[in-house]
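Here is a note for a colleague who is opening this structure for the first time. The points below are meant to be read with the model in view.

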Amino acid sequence: MIDNADNEAVRDAALFAATNTGLFPQANTSLFRYVGIRGNAWEFIEKTLLTDTLPLSRATTLNDPFDTNPVIVNDVVTSDIFGFAEEMLRQQGQIFDLEKVVNEQGQRVSKKELEERATSLIHSLFKQRNEICHIASFTRRISSELQWSHYGDSYKGLAYHFVTRPSHNSGFKLARPVRYSLQRPIILLSEMMDHISTFQSGGGFTLRWLSFEQRCFLAKSMEWAYEEEQRIIKQGGISEISFQDRELVSIIVGPRFPQDHLERLKAILAKRQRPLKLFRAQSSPTSYAVEVDWHNNLFLS
C-alpha cells in the first residue's frame, strides 16, 4: 500500500523528470521579477513578502500590442462553420442559442449570415479568453540595464529573486519559457472551432490547449529576446499565484533605490517569518551592465 508520502515522492519525481521536456522549469533556476515603486506598489510588495503570493497582470494590459495577439487566418468554408454552428446547437446551445440562428421573424437565417455571425462570435470568444487570462512575467537576467530602466522604475525599483523548485504545490510549476521569432504566430479559424468543440466535450482539450498556449501566450518578437522571459499563465480570472516561502531567496534593490525606501523595506522584511537576504545592484564601472553585490547582505547592516 502506498502512503501519502510515497505519492508525493512519485509526483515530485514526475515533475522533476518533466523538466527535461520543457514542461516544467529546471529545478534551482534563478528567475527575477522587476518591480517599480509607483502608485500602490508598497501594498503589493508587503502582501508578496508576508503572504507568499504574487499579483498577475491581465493579458490585455501587457505593454506589447502584439503580445497574446496572433494572426487569425480564416481557412474554413461556409459549410464548415454551418456544421460547427449546428454541432454547438446540438450541445444544448452552450455556444449558439436559437437567437443566433433565427431572425426577428423567427425564420432561419441564411448560411451566409450564419457564417458571419459565427465568425464574429468565435473572434469575440478569443477576446473574452484574453480578458480572463492573467500572466506573471519573470526574467532570467538581473544584469539587464534595459529591464532595470523599463520595469525597475528607472533603477529606483527592486527585483525579487526566486529559485524554482518544481513541486506540485508551487506556482512555479506553471512557468514556461517565452519563445522569440521573426514570424508572428498564426492561429487558424478551424483550430479555434476545434478548440471550442473539445472544450465543450472534454475530449483532447489539454493537448490542444498546450499548442494554443504556446502560440498565443508564449511567443514574442525577436526584439524582446533580451528579456529572456518566463511566464506563468492562469485562466479563469485568477489574479494571483502562491509560491513556497523558500522559493523567494532574496531581494535586489536598484542602484537608485532611495535610502528611505530601504528602511521601509527592511521594516517589512522584519515581519517575514522566513528571513530574506537583501542585496543592492550597482552600475558596472567598466561596461553597460548592472552588477549585484552578492557578498553584502544589506538586511544585516
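1. A residue is called buried here when its relative accessible area is under 20%. The model is a predicted one, and Tyr160, with a relative accessible area of 2%, falls under that cut-off and is therefore buried. Phe162 is buried as well, with a relative accessible area of 0%.

2. Tyr160 and Phe162 both point one way from strand β6, together with Leu158, while Ala159, His161 and Val163 point the other way, and all of them are buried. In a regular strand the side chains alternate between the two faces of the sheet. Because six of the six residues of β6, which covers residues 158-163, are buried, the strand is largely enclosed by the rest of the structure.

3. Which strands pair with β6? Strand β1, residues 30-35, pairs with β6 in the antiparallel sense over six bridges, and in this pairing Ser30 has Val163 of β6 as its bridge partner. Strand β13, residues 248-253, also pairs with β6 in the antiparallel sense, over five bridges, and here Ala159 has Ile252 of β13 as its bridge partner.

4. Turning to the aromatic rings, a search of the whole structure finds seven aromatic pairs. In one of them, Tyr34 and Trp148 have ring centres 5.0 Å apart and planes at 80°, so the pair is edge-to-face. This pair joins distant parts of the chain, since Tyr34 lies in strand β1 and Trp148 in helix α5, 114 residues apart, and both residues are buried.

5. Tyr160 and Phe162 also form an edge-to-face aromatic pair, with 6.0 Å from centre to centre and 65° between the planes. These two residues belong to a cluster that ring pairs build from Phe138, Tyr160, Phe162, Phe172 and Phe243. Arg33 lies over the face of Phe138, at 5.7 Å from the ring centre, and elsewhere Lys220 lies over the face of Trp224, at 4.2 Å from the ring centre.

6. The largest pocket holds about 860 Å³ of space. Of the 30 residues that line this pocket, the closest to its centre are Arg33, Tyr34, Val35, Ser57 and Tyr151. Elements that give two or more residues to the lining include β1, α2 (41-51), β5 (134-139) and α5 (145-150). By class, the lining has 13 nonpolar, ten polar and seven charged residues.

Definitions and conventions. Residues are numbered from 1 along each chain as its sequence is written. This is a predicted model: local features need pLDDT of at least 70, side-chain atom pairs count only at pLDDT 80 or more; totals for chains, interfaces and linings use all residues. Side-chain values use heavy atoms; hydrogens and water are left out. Buried means under 20% relative accessible area, exposed over 50%, partly exposed in between (1.4 Å probe, protein chains only). Helices (H or I, at least four residues) and strands (E, at least two) are DSSP runs, numbered from the N terminus. Two strands pair if DSSP finds at least two bridges between them. On a 1 Å grid over the protein atoms alone, a cavity is a set of points where a 1.4 Å probe fits but cannot get out, and a pocket is an open set with protein on both sides within 12 Å along at least five of seven lines; lining residues have an atom within 4 Å of a point. Grid points are joined across faces, edges and corners, and a volume is the space filled by probe spheres set on the points. Ala, Val, Leu, Ile, Met, Phe, Trp, Tyr, Cys and Pro count as nonpolar, Asp, Glu, Lys and Arg as charged, and the others, Gly among them, as polar. Rings of Phe, Tyr and Trp (its six-membered ring) pair if their centres lie within 6.5 Å; planes under 30 degrees apart count as stacked, over 60 as edge-to-face and the rest as tilted. A charge sits over a ring if NZ of Lys or CZ of Arg is within 6 Å of the ring centre and within 35 degrees of the ring normal.
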